[in-house]
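Work through the exercises below with the sequence and the model open. Each task is followed by a solution in steps.

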Amino acid sequence: MITMKDVCKSYRVAKRNAGFGEACKSLFRREYETIHALRNVSFTISDGEMVGYIGPNGAGKSSTIKILSGILTPDSGEVLVDGRVPYQNRIRHVAQIGVVFGQRSQLWWDVPVIDSYELLKDIYSIPKKQYDNNLEELTILLNLSELIRTPARQLSLGQRMRCEIAASLLHSPKLLFLDEPTIGLDAVSKLAVRDFIKKQNELHGTTVILTTHDMQDIEALSKRIILIGNGEVLMDGTLEDIKRGGQSIDETVVELYRSYEI
Amino acid sequence: MKGMHAKRLRLYLHYVSINVRSSMQYKTSFLLTTLGQFLVSFQVFLGIYFMFRRFESVKGFTYGEVLLCFSTMLLEFSLAEMFGRGFDAFSGMVRTGSFDQILIRPRNEILQVLGSKFELTRIGRMLQAVIMFIYGVTHCGVHWNFCKMITILFMFIGGTAIFCGLFVIYASLCFFTLEGLEVMNIFTDGAREYGKYPIGIYGKKMLIFATVVIPYALVQYYPLLYVWGRRTETYLIFLPLLALLFPIPCLMLWRFGVRRYQSSGS
Amino acid sequence: MKKYLSFFRLRFLTGLQYRTAALAGIATQFAWGFLEIMVMKAFYETDPGVYPMTFRATVSYIWLQQAFLAFFAVWMVDSELFEMISNGNIAYELCRPIRIYSMMTARNLANRTSRAVLRCLPILLVAAFLPKPFRMEPPVGIAEFLLFVVTMLLGLSVTVAFFMLVYVLAFYTISPQGLRIVFCSLVEFLSGGVIPLPFFPEPVLRVLELLPFASMQNVPLRIYSGDIAGEEMVRAVGLQVFWLVALVVVGSMLCRMAERKVALQGG
């Protein structure tokens, strides 16, 4: 499904300094620094896999996801998703993927959720039958029947997240990116979301890439873990590989980070 | 091909409908903002009115003529704002990363940016413009005929195209820097403010700038001279349509900007 | 007093950070000043007889207006402050040993001053060397100049004190955006920000001169060129002082009442 080979990406960022003297200096000259977000990142993911992509903040996770979704072009390296190069034909590529951002909403705020869904149906040119079937299935599995006629701004975070996830699956994508899907949710909603994602993967074989800091998510959903730190893939294995008997998953990860000094 | 355009139009109308439905959720706010828009333009009108109570004319142009000039410019600007607000407010989209959301959808980005905002409240300004237009039409002593009416229509089309093009330039610049963008306001708000008066009053150099660099004069000054009967060359009727070429380099800049955004991230 | 200075300093430094923004702002204001002068010039050349000011005075009015735009700007909304008030976070400020009115005033003054400082000198310097009709003339005399400085500070204070009322009123009611737009543009119009007040018809002008808006930018910008002089000048300055005192008294009183309300209800 996904092949990443030796992908590199760096950014130039302007420096901003504190204090009166520095502020005056910045009036006349700008300093830049280069940030190497990705250094020779390589991995392969097969159809239907569920992968947890973890690492501390600034490690390069969002850059990877952006490259895989076709939003960002890498400086060098090969990227293939479902036989396509993501950034080369953006429109054809993104029609096959779904994305859920935990902290940003894709639903229109003031109108009923179903209105946002109908707009998405138009955007993705989803055939009526497919749309109706998907909507029915998602409404049942995520318990949305009472929610979809409510405006998004009136929903609780848990309710909204369920609607967001449904929104990203209306067009039956083969690949799903989940970025912090359970952030801020109460325990019940978290379980509901995790259950659903597992079921989605079982029923439809959707490949799932999960980026999150919530390790319970990883534990519940993904057998495979890819750890990225300082732009490099530090570990590509399973949960069993890193767990040591008796430890909680959070402790495991902390130790993991420490051992790689990230 | 034809089917694709029809689909795009349908999608755009769908966006418009969802925008309108969203703002209708806040009826009082909508009405007050529309009223506010109307009153703001009204004050600009008052400024002109006060000046003309004192002065008979400015550089040979009478009150009625200036009103005609101002109202067409204002109508064009408000039309462009109503449809093109997505581009006009684009800096917010880049800053919050919402543009990534647009890239994630399998549709043309321009269509999506246009669809992201449709401000019906601009009707407040348009109403003000229409009232002034009617007043200007009846008070400028013009003998109206079919040719002159067509000229005005072409002015509207060309003028709106210019303002839309300027909004696209502004949005494209957001891909390169988020600071210092207010310079663009000189060309958009500046045109709205100083396009009140026929460009001729500003002198020759300004006229050249407004013909060659940003073709305001093609949609304001020259065709108006024809409408007011001061010039009779027929080509002036069609001059505003040349302004339809203006958005082309703007869209090229946009495409360049999108590509840069995709290679450098946010 | 020190704490207000540090509020001031923080806001001031934030304002300085944006170099490109400052340059762009200067260029923009320059263009606006230029265009505005051209409009006035067109009117002046059409009929100098009915022109109510000298052209020299108009030019300096416009350049000073642009240079010190931030002082008197009506569109400068401290959205951070508005948000703090509307979502109740302002209550946290009550935990600190400050008076909210003074804090808001210091913030607003700092905002305006930092923005003006960056822009006024470049604009005025260039304006002083422009070719004849556009050139900004030096002050007519030492006394006028000193008076100009004093009335500028007074005008700034009146402006800030007036807008303090707007912030304080936000404690009592959340005004919808539409109302705010109308209000701000009305203030701009009545204070001489669209066309200088002398261009208003006589009867209207006589009423306007008594309102606080005329005590904002109108007085100092015209005192500079001697457009307001003699008895008229004394009256104008007196009105400035009057409005300053009145607005501050009313504003701080309303603010004190609002503070008490917030403390009772918890925001």
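**Exercise 1: positive phi**

A:Ser172 sits in the loop between helix H6 (157-169) and strand E6 (175-179) of chain A. Helices (H or I, at least four residues) and strands (E, at least two) are DSSP runs, numbered from the N terminus. This is a predicted model, in which local features need pLDDT of at least 70, side-chain atom pairs count only at pLDDT 80 or more, and totals for chains, interfaces and linings use all residues. Residues are numbered from 1 along each chain as its sequence is written, while chains are lettered from A and ligands numbered from 1 in the order in which they are written.

Task: What is the phi of A:Ser172, and is A:Asp6 in a helix or a strand?

Solution.
1. Most residues other than glycine have a negative phi.
2. Phi of A:Ser172 is positive, near 50°.
3. A:Ser172 is partly exposed, with 15 other C-beta atoms within 10 Å. The cut-offs are 20 or more other C-beta atoms within 10 Å for buried, 12 or fewer for exposed, and partly exposed in between, with C-beta atoms placed from the backbone.
4. A:Asp6 lies in strand E1 (residues 2-14) of chain A, and its phi is also positive, near 55°.
5. A:Asp6 has 14 other C-beta atoms within 10 Å and is therefore partly exposed.

**Exercise 2: a covered helix**

Task: How many residues of helix H2 (residues 61-69) of chain A are buried, and which residue follows H2(A)?

Solution.
1. Of the 9 residues of H2(A), 8 are buried, so the helix is mostly covered.
2. The buried residues are A:Lys61, A:Ser62, A:Ser63, A:Thr64, A:Lys66, A:Ile67, A:Leu68 and A:Ser69.
3. A:Gly70 follows H2(A), with a positive phi near 90°.

**Exercise 3: helix pairs in chain B**

Task: For H1(B) with H6(B), find the angle and the distance between the axes; then treat H3(B) with H6(B) and H8(B) with H14(B) likewise.

Solution.
1. Two packed helices are described by the angle between their axes and the distance between the axes. Axes are lines fitted to C-alpha atoms, for helices over the stretch in contact, and angles run from 0 to 180 degrees between N-to-C directions.
2. Helix H1 (residues 2-24) and helix H6 (residues 109-116) of chain B pack at about 25°, with axes 8 Å apart. H1(B) and H6(B) are therefore roughly parallel; under 35 degrees counts as roughly parallel, over 145 as roughly antiparallel, 65 to 115 as roughly perpendicular and the rest as oblique.
3. The crossing of H1(B) and H6(B) is right-handed. A crossing is right-handed if the near helix is turned clockwise from the far one by less than a right angle, and left-handed if anticlockwise.
4. H1(B) contributes B:Arg8, B:Leu11, B:Tyr12 and B:Tyr15 to the contact, and H6(B) contributes B:Leu111, B:Leu114 and B:Gly115. Residues are in contact if their C-beta atoms, placed from the backbone, lie within 7 Å.
5. H3(B) and H6(B) pack at about 115°, with axes 6 Å apart, which makes them roughly perpendicular. H3(B) passes H6(B) in a right-handed crossing.
6. In this contact, B:Phe83, B:Gly84, B:Gly86 and B:Phe87 of H3(B) meet B:Val113, B:Leu114 and B:Ser116 of H6(B).
7. Helix H8 (residues 146-174) and helix H14 (residues 247-264) of chain B pack at about 20°, with axes 9 Å apart, and so are roughly parallel. Their crossing is left-handed.
8. The contact of H8(B) with H14(B) has 10 nonpolar, 3 polar and no charged residues. Ala, Val, Leu, Ile, Met, Phe, Trp, Tyr, Cys and Pro count as nonpolar, Asp, Glu, Lys and Arg as charged, and the others, Gly among them, as polar.

**Exercise 4: chain contacts**

Task: How many residues of chain B are in contact with chain C, and which element gives the largest share of that side of chain B?

Solution.
1. Chain B has 31 residues in contact with 31 residues of chain C.
2. Helix H2 (27-54), strand E1 (57-58) and helix H9 (184-194) of chain B each give two or more residues to this side.
3. H2(B) gives the largest share, 14 residues.
4. By class, this side of chain B has 14 nonpolar, 11 polar and 6 charged residues.

Key:
Contact = placed C-beta atoms within 7 Å.
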